[in-house]
Amino acid sequence: MSQSFMDQESDGYNEVRPIFYVGQHDSTRSETLTDLQYGQVLNAGFTFVTTPITNEHFHERVVNLLKAFLLDAKNNEQAGSIPDPVVPPLTIEDTTLFPGTYTSGLVAYSSPWLDLCSPNHVISSISRQVLNLEVSYANFCGVRSIIVPGPRQDSVKAGNSQGVAQYARAIQEAFSIGTRVNILIHIPMYREPGLEDKVASLSSFDGSVDVTTSEKQEIDLFSSWDSWHTIRSVCDYDSRLLVALKIPRVLPEKEVQTRWFSEPIQYITLSPSTFQTNKAGHPSLSRHHQDMIFTYMRLKNAPYILLCDVGPELQADPDTKGAIPADLSSTSEFPTLAEAALAEAAWRQSPGGNGSSKSQGPNNYAAYLRHLARQQEPLSDLEQNTLSNFQDWLQSPLQPLSDNLESVTYEVFEGDPVKYFQYEMAIAAALKDWAAQHKPTSSPGGEVVIAVAGSGRGPLVTRALRASESTGVPVKVWAVEKNPNAYVYLLRQNQREWGGRVTVVKTDMRAWKGPLLSVSSEDNAPVYGKVDILVSELLGSFGDNELSPECLDGIQHVLAPTHGISIPASYTAHLSPISTPRIHADIRQRALSGGEANAFDTPWVVRLFAIDFVAQRGVPDHPRFQQAWEFAHPLPQATIDAVEARRSGGVAGGGGGSMAGAVGANDHNARHCHLTFVCRSRGVVHGLAGYFESVLYESSGAATEDGEEREDGDGKVELSILPENIDRKSRDMISWFPIFFPLKQPLYFPPDTELEVSMWRQTDDAKVWYEWMVEAFMWTGPSQRVKVGGSDLCSSRKVACLL
């Protein structure tokens, strides 16, 4: 989890920003740092450091082994009969990494001269054996993270797909050996010339293998991501497989940056070539690089920053070279601190002390990044307390009809002032229109009758009373709630906060007969009235996923038939295909652990953050976010009559219904959509992101003839969690996070693909569930398409919402 620091150097003393953890990597380092050198790196402004697992002695042993085998194979007419060489185990001469106090804080770096992708099976075999030896030994020493240099060429290059597959298989095998380590693939954001590894690989000793690269070849911005996708797919999205991303000097288009943003990045690595020099001669990053880093640092699991080959120059350990002579320390066996300090100063001025009389100062690159950390936009209170903690965290959707919510759940909902402000504005607008249009009321006293269906702890009741006070329109408020525990709280609120102005009713809203007006004097039968304004907050992340249509259908019988108003008046569901590897890995882990067998069948509520919208923006008739369907309230009377006829068996044929065992009384709430999304670049789909928008109330007289007020939505009071509209319609609203419909298997698609999304809202009168699938098509001619991939039909019927 990312951490933050409180900035005490700026005007805003309490401003909180993400922390930059800056590490140091030296590609020429062949030995583990001594304690003194490790301290020098920390004093230069770094917080962690990398270490090689094996040294140059081991490298020479492996090279000699390879040369000997290649020579034997060259001189042997039956080279295929010679068994592959076996790399001998490590000895004390092969490594300077040992278990110790600081070992768990070191980041191991695998040998950069390995070539797991080599077409020469001997070189790839030796490389795989060396990797296994290093992973096993680092795991033994207590190292927790190992960086492995990524493939030097990508699978998109002709004839190299085998190499990436070999690499991926080797990494998968390494996980079975290093049972407690994370493996990070060090790979570039794209193949920028000059960003490739400079260390000669083992393949350079094989004259039959071409290790040169064409400098004039066209750059494929997604080729390195393609290789990464192959590796993590072979490794089944293992949660211990992470990315160390090399940042280029010239950043690619945003589409590439966003693609990598969605991946599990542990480190972003910067080399001197990534930096530019400012007017003062110090290293700095371009504005584009700064913005990218600031964006990545907003992740809950923010990446660490690894500076490569930026210094400092480390001094030799005096324990092994140039040690302080014993006769300079003191004539006593145990000198005082003052004597030892004077002796060390004298030694540093002597030829044996390397002439160094001062310690190195902070590293310029590390100092610049510390400065950059202070330039970040501070985290808002909302980000600190709520939004960051909920990033990509899976939550099961609520089942308010079958479950009684706890007080703390209601309290979370009530912490969103934006939603309730919008509701208050909608109720106030409805009351103003009611008075302006001189509509009749359902109350004998002339008050407008408001019923809050599903009142919870009463926040909408409070807003309804405030709207009445602000507009001067008298109201009678009824609070209907089925939760017996919340009912007690409502009674207390009515006594303490509302002054007894509210009538609280404990019942399922679908069974409520309406406001009690009187009791008949003839047969003591109660006389029920109607409701003028019906207010509810039953909306879910997909609009209808918490059964708002079914609930409002069930209570519509109490709404005044000619002039009754429902708040909300309508709501729409919206979809967009997304790539979200982190969430897919989380769901996969839940499904494999046995605790949640239906994990891939569950539509999850989640604050989608580390994601990539794969659909192209701005395509005519095929926008990135598309409407799936709509619900509007109240229903037409003809629909209500048809539902009642089916429920009572009064339709032709006896009312068989659309699902086995059902009469079809809820079929009017079934929906289906078929949407087409255009994808310019290749990628992978892990599921569908779902959103909703709602019109709470549309004022009939709010918009002026010249259209000045139409900018705010034509007199509409709205809610939206759609990324493109939330800032305009309900900024900072946090009551709803998006919903995610996962695919069981990720769907890879090539460039210029059309993704066809089919979704159904199904019902059998007892429950409601969703079914969805995604298909990928490519155009092969003006009127011909070919299907290049497709998902299974996914269904949430096993975890359906109960009516």
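**The aromatic rings and the cores**

Ring pairs link F542, W629, F741, Y770 and W772 into a cluster, where rings of Phe, Tyr and Trp (its six-membered ring) pair if their centres lie within 6.5 Å, and planes under 30 degrees apart count as stacked, over 60 as edge-to-face and the rest as tilted. The model is predicted, so local features need pLDDT of at least 70 and side-chain atom pairs count only at pLDDT 80 or more, while totals for chains, interfaces and linings use all residues. Residues are numbered from 1 along each chain as its sequence is written, and side-chain values use heavy atoms, with hydrogens and water left out.

In total, the structure holds 25 aromatic pairs. One of them joins Y21 and Y304, whose ring centres are 5.3 Å apart and whose planes stand at 55°, so this pair is tilted. It links distant parts of the chain, 283 residues apart, with Y21 in the loop between β2 (16-18) and β3 (22-25) and Y304 in strand β12 (residues 304-308); helices (H or I, at least four residues) and strands (E, at least two) are DSSP runs, numbered from the N terminus. Y21 is partly exposed at a relative accessible area of 24%, and Y304 is partly exposed at 31%, given that buried means under 20% relative accessible area, exposed over 50% and partly exposed in between (1.4 Å probe, protein chains only).

F542, another member of the cluster, is among the residues with the most contacts inside the largest nonpolar core, together with I450, I533, I567 and L575. That core has 103 residues, a nonpolar core being a set of buried Ala, Val, Leu, Ile, Met, Phe, Trp, Tyr and Cys residues joined through side-chain atoms within 4.5 Å. Helix α13 (residues 417-436) gives the most to this core, with 10 residues. Apart from it lies another core, of 83 residues, including V22, L33, L66 and W228.

Charges also meet rings in this model: the charged end of R785 sits over the ring of F777, 4.1 Å from its centre, which requires NZ of Lys or CZ of Arg within 6 Å of the ring centre and within 35 degrees of the ring normal.
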